[in-house]
Structures are given as C-alpha cells and as structure tokens.
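Have the picture open while you read.

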Amino acid sequence: MNTSLFVLALLEIVLSLVVSVIIIFVSYKIMKRLFFASEDVKGHNMAFSIFTSGVVLSIGIILSEILPTITNVIRVATTQPEAVDSFQIVQYSLLYLGIGFLISILINASVFLLFSILTRGINEFKAIQQNNVAVAILVTAILISITLIIKDGISLLISSLVPYPEVSNFL
C-alpha cells in the first residue's frame with residue numbers, strides 16, 4: 001500500500017468535505033440575506049427551493065474544479081519540500097477559492113443579465129419570491145448551463161497558478 005498516496009487521498013476527502021460545507025453554508029446565508037430574507041426551504045415557496053438548488057449545484061461544479069488543484073499544491077509541497085511551505089499552501093488555497101468566488105459572482109451576474117435581456121419586464125427576484133416556478137426553472141437552467149460551459153476554463157486558470165517546481169530542459 002502506498003501510504004503517502006493514502007494519506008493524500010484522505011486529506012483531499014476531508015478538505016473537500018469541510019471546504020464544500022463551509023462555502024455552501026456561507027453562500028446560502030449570503031443569498032438568503034441579500035435577496036430572499038423572508039423565504040425558506042420548508043416547501044412554502046417551491047421556486048425558491050429550485051433556485052437555491054441551482055445555486056448550490058453551480059457552486060458544487062465550481063468547487064469540483066478548484067479543490068483538486070488545492071490538492072495538487074499539497075502534493076507538490078509533500079514531494080518537493082523546498083517548493084512550497086505550509087503558509088504558501090494556505091495562500092494558494094485562499095487565492096484559488098477567491099478566484100472561484102469571483103467567478104461565481106460573475107456567473108450569477110451574467111445569468112441575471114441574460115435573463116433580463118431574454119424576458120423584458122420580469123423581475124426574476126420578485127418572480128421567485130412570488131413562487132413563480134417557471135422563472136425559477138429557467139434561471140436555474142441558465143445558471144447551470146453557464147457554469148458547465150465555463151468550468152473547464154476555471155480549471156485551466158486555477159491549474160496555471162499551481163507552483164510547480166522548475167524543470168530544466170536537457171535536450
């Protein structure tokens with residue numbers, strides 16, 4: 001058994017679980033406080049539940065592109081101890097999560113802009129607050145579609161920032 005790989009896998013699982021739970025919790029609280037203070041997911045407003053599910057799925061897709069890169073930084077640190085120290089691992093992790101947060105905001109803003117352009121005269125926030133399920137499904141579908149389209153770009157951007165050690169070219 002490869003002990004270092006096993007430990008790295010356990011670390012990735014724990015890190016992914018903890019970071020995902022924290023980010024989804026914070027995102028839900030921010031969204032609820034800013035846009036839907038009076039709504040809940042108890043079933044009274046199905047549109048809010050659908051929209052919230054789409055936001056959580058979008059965040060999960062973005063995190064699934066970021067968290068493996070954080071693990072790569074940890075892997076570089078364990079295999080090349082002089083390349084990255086613990087403080088730098090935290091710095092890179094926060095940088096990657098910050099980029100993911102900014103991209104999430106960009107995706108959400110573009111979804112609402114696109115929805116506003118497509119449906120003149122409909123305020124999506126008010127429609128969702130008034131339990132308009134059709135609007136919630138359409139906004140959620142646009143959100144997930146844009147997230148799926150942009151996820152590979154997020155992965156490439158984040159991967160380009162990994163501090164891999166320099167390799168000399170002998171040829």
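## A residue in a loop

Asn131 has its place in the loop between α4 (124–129) and α5. The helix names come from DSSP: helices are H or I runs of at least four residues, strands are E runs of at least two, and both are numbered from the N terminus. Asn131 has a positive phi of about 65°, although it is not a glycine. With a relative accessible area of 33%, Asn131 is partly exposed. On this scale, buried means under 20% relative accessible area, exposed means over 50%, and partly exposed lies in between (1.4 Å probe, protein chains only).

## Where the numbers come from

This is a predicted model, in which local features need pLDDT of at least 70 and side-chain atom pairs count only at pLDDT 80 or more, while totals for chains, interfaces and linings use all residues. Residues are numbered from 1 along each chain as its sequence is written, and side-chain values use heavy atoms, with hydrogens and water left out.

## Helix α1

Helix α1 covers residues 3–34, which is 32 residues. From its first C-alpha to its last it reaches 46 Å, close to the 46 Å expected at 1.5 Å a residue. That expected span is 1.5 Å times one less than the number of residues.

Which residues of α1 are buried? They are Leu8, Ser16, Val19, Ser27, Met31 and Lys32, and they pack against α2 (46–79) and α3 (86–118). Take Ser27: it counts as buried because its relative accessibility is 17%. Leu17, also found in helix α1, counts as exposed at 57% relative accessibility.

Now try some C-alpha distances. Leu17 and Leu67 are 50 residues apart along the chain, and their C-alpha atoms are separated by 9.9 Å. For Ser27 and Val76, 49 residues apart along the chain, the C-alpha separation is 30 Å.

Two packed helices are described by the angle between their axes and the distance between the axes. The axes are lines fitted to C-alpha atoms, for helices over the stretch in contact, and angles run from 0 to 180 degrees between N-to-C directions.

α2 and α3 pack at an angle of about 155°, with axes 10 Å apart. That makes α2 roughly antiparallel to α3 (angles over 145 degrees count as roughly antiparallel, under 35 as roughly parallel, 65 to 115 as roughly perpendicular, and the rest as oblique). The contact (heavy atoms within 4.5 Å) includes Phe51, Ile62 and Leu63 of α2 and Ile89, Tyr92 and Ser93 of α3. Its residues divide into 14 nonpolar, four polar and no charged. Here Ala, Val, Leu, Ile, Met, Phe, Trp, Tyr, Cys and Pro count as nonpolar, Asp, Glu, Lys and Arg as charged, and the others, Gly among them, as polar.

For α1 and α2, the angle is about 145° and the axes are 9 Å apart. The residues of this contact divide into 18 nonpolar, five polar and three charged.

## α3 and α5

α3 also packs with helix α5 (residues 133–159), at an angle of about 140° and with axes 9 Å apart. Among the contact residues are Tyr96, Ile99 and Ile103 of α3, along with Val135, Leu138 and Val139 of α5.
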